[in-house]
Amino acid sequence: MTAGNREPVPRITLYTKADCDLCCAAKATLLALQCELGFALDEIDITTNPVLYDAFREEIPVGYLDGRKLFKYRIDSRLLRRQLQRSRRWLVGRWFSSRSS
């Protein structure tokens, strides 16, 4: 959640590594869309963790939206917008239902 807004913010986790042109392109696309679409972005270098390296070495960049796989290799900005809209509806519904309990 943001301080001024009580609505939950979707979180995208981008798994990358150095010297990866596709990773740089994915990060640039996400950064360009971040202000417009309003999501938090975490970048994780898979080479810092052997478990992550084994899991993702053949499929980076890969992005997850709130823990669910969102894309692999390239980002479709139209699909990203749609998934973020769905995620927001789910997060808001979940947040309000837990607040009323």
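These legends describe close-up views of a predicted model.

**View 1. The largest nonpolar core of the predicted model.** Twelve residues make up this core. They are Ile 12, Leu 14, Ala 26, Leu 30, Leu 33, Leu 37, Phe 39, Leu 65, Leu 70, Phe 71, Leu 80 and Leu 84. At least two core residues come from each of β1 (11-16), α1 (21-37), β4 (68-72) and α3 (77-99). The most is given by α1, with 4 residues.

**View 2. Leu 84 and its contacts.** Leu 84 belongs to the largest nonpolar core. With residues up to four places away in sequence not counted, Leu 84 touches Pro 10, Leu 37, Phe 39 and Leu 65. Of these contacts, Leu 37, Phe 39 and Leu 65 are also listed in the core. A second, separate core has 9 residues, among them Tyr 15, Cys 23, Ile 46 and Ile 60.

**View 3. The stacked rings of Tyr 15 and Phe 56.** The model has 3 aromatic pairs. In the pair of Tyr 15 and Phe 56, the ring centres are 4.5 Å apart and the planes meet at 25°, so the pair counts as stacked, the cut-off being under 30 degrees. Tyr 15 is in strand β1 and Phe 56 in helix α2 (residues 50-56), so the pair links parts of the chain that are 41 residues apart. Tyr 15 has a relative accessible area of 14% and is buried. Phe 56 is buried as well, with a value of 8%.

**View 4. The edge-to-face rings of Tyr 15 and Tyr 64.** These two residues form an aromatic pair with 5.8 Å from centre to centre and 85° between the planes. The arrangement is edge-to-face. Together with Phe 56, Tyr 15 and Tyr 64 form one aromatic cluster.

View 5. Val 62 is part of strand β3. Its relative accessibility is 0%, and Val 62 therefore counts as buried, for which the limit is under 20%. Leaving out residues up to four places away in sequence, Val 62 touches Thr 13, Leu 14, Tyr 15, Phe 56, Lys 69, Phe 71 and Lys 72. Among these contacts, Tyr 15 and Phe 56 are members of the aromatic cluster, while Leu 14 and Phe 71 are in the largest nonpolar core. The C-alpha atoms of Val 62 and Ile 75 are separated by 9.2 Å, and the two residues are 13 apart along the chain.

**View 6. The cis peptide bond between Ile 60 and Pro 61.** Omega at this bond is about -5°. Pro 61 is placed in the loop between α2 and β3.

**View 7. Asp 66 and Tyr 73, two non-glycine residues with positive phi.** Asp 66 has a phi of about 50° and sits in the loop between β3 and β4. With 28% relative accessibility, Asp 66 counts as partly exposed. For Tyr 73, phi is near 75°. Tyr 73 is found in the loop between β4 and α3, and its relative accessible area of 32% makes Tyr 73 partly exposed.

How values were computed
Residues are numbered from 1 along each chain as its sequence is written. This is a predicted model: local features need pLDDT of at least 70, side-chain atom pairs count only at pLDDT 80 or more; totals for chains, interfaces and linings use all residues. Side-chain values use heavy atoms; hydrogens and water are left out. A nonpolar core is a set of buried Ala, Val, Leu, Ile, Met, Phe, Trp, Tyr and Cys residues joined through side-chain atoms within 4.5 Å. Buried means under 20% relative accessible area, exposed over 50%, partly exposed in between (1.4 Å probe, protein chains only). Contact means heavy atoms within 4.5 Å. Rings of Phe, Tyr and Trp (its six-membered ring) pair if their centres lie within 6.5 Å; planes under 30 degrees apart count as stacked, over 60 as edge-to-face and the rest as tilted.
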